[in-house]
Amino acid sequence: MNYYDVLGVPTDASEDAIKKAFRKLASQHHPDKGGDTTKFQQIQEAYETLSDGNKRQEYDHPPRQGFTGNFHDHQTFGDDVFAQMFGAGGRSYSFRQQQMSNPDSMAQIHITLSECYNGTEKVVQLNQNESFSFNIPAGTLPGSRMRVTGKSPNIVNPNAPPGDLIMNIHVQMQESYDLDGPNLIHYAQIDAISAMTGCDLPVKHINGNTVKLKVPPGTQHGSKLRIRSMGLPIPGNAGVSGDWYTVIHVHIPKVTDAYSVDLLNKLQAPKIDIQV
């Protein structure tokens with residue numbers, strides 16, 4: 001492993017350039033942000049060596065015989081840098097900690113739109129003998145990640161504690177429904193006469209209840225009708241929900257027979273010839 005290549009800097013890079021490259025890469029690959037643990041460890045190791053003048057000298061000009069370097073305590077490595085980037089009280093991913101723990105792993109969890117609205121409990125099978133259940137709160141959005149401490153099945157070092165299991169939540173959409181954040185989007189089709197005259201449109205909410213939606217006269221294709229607070233519950237905000245939007249699609253029938261065309265022409269408003 002070439003430390004200069006890991007940090008993406010030339011061999012004559014200055015200390016400031018090395019520190020700048022480390023900050024950028026550490027922020028991108030930090031495990032708390034979903035980064036790869038092994039890659040992050042390599043970045044730490046490279047920076048520890050190249051940011052120290054003596055270690056960098058030994059790395060650039062290794063001894064020809066034997067090993068003359070010393071092992072060092074890595075516990076406080078990069079503390080000043082991490083305190084600035086992630087906060088002094090944040091989770092420390094020191095080199096020693098990386099060695100002492102097994103890597104985290106990712107699981108893909110699929111739930112229905114109804115389960116997303118109501119909340120649900122899922123069972124994850126870790127191996128043939130072990131499984132655990134966990135709750136997904138109502139209103140959990142697609143792409144959300146949930147971390148369960150110590151449940152990673154990826155055991156590289158059996159003598160070290162297990163890493164965490166990070167669950168990536170996927171929501172399977174129902175027909176005629178979509179999500180825009182916590183807002184529920186529903187698509188409904190009405191005929192042209194109903195769009196012109198207005199109508200009562202019964203729609204079934206994903207909670208199982210039927211709602212009668214009033215479509216006003218003159219509704220245009222693509223119009224959005226909103227019902228407040230009938231979207232997804234917003235986790236952490238008791239009693240607060242997104243909105244419900246019904247997007248109206250107006251179906252225009254294909255009329256070709258002369259009688260129907262003539263009848264529709266008679267329904268049009270009379271044209272007034274205004275002379276000045």
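**A helix pair and a buried asparagine**

The axes of helix α2 (residues 15-29) and helix α3 (residues 37-50) come within 10 Å and cross at roughly 165°. The axes are lines fitted to C-alpha atoms over the stretch in contact, and angles run from 0 to 180 degrees between N-to-C directions. Helices are DSSP runs of H or I, at least four residues, and strands are runs of E, at least two, numbered from the N terminus. The crossing angle therefore makes α2 roughly antiparallel to α3 (an angle over 145 degrees).

This is a predicted model, in which local features need pLDDT of at least 70 and side-chain atom pairs count only at pLDDT 80 or more, while totals for chains, interfaces and linings use all residues. Residues are numbered from 1 along each chain as its sequence is written, and side-chain values use heavy atoms, without hydrogens and water.

Now the helix contact. From α2 come I18, K19, F22, L25, A26 and H29; they meet K39, F40, I43, Q44, Y47 and L50 of α3. Contact means heavy atoms within 4.5 Å. Eight of these residues are nonpolar, two polar and two charged.

Next, N102. This residue sits in the loop between α6 (95-100) and β1 (105-112). N102 counts as buried because its relative accessibility is 3% (buried means under 20% relative accessible area, with a 1.4 Å probe and protein chains only). Its side chain reaches the backbone nitrogen of V156 at 2.6 Å. A polar atom of the N102 side chain also lies 3.1 Å from the backbone oxygen of A160. Beyond neighbours within four places in sequence, N102 is in contact with N154, I155, V156, N157, A160, P161, P162 and G163.

Note on methods: Parallel < 35°, antiparallel > 145°, perpendicular 65-115°, else oblique. Nonpolar A, V, L, I, M, F, W, Y, C, P; charged D, E, K, R; others polar. Buried < 20%, exposed > 50% of the residue type's maximum accessible area, 1.4 Å probe, protein only. Polar contact = N/O pair within 3.5 Å; in protein donor to acceptor, adjacent residues only side chain to side chain.
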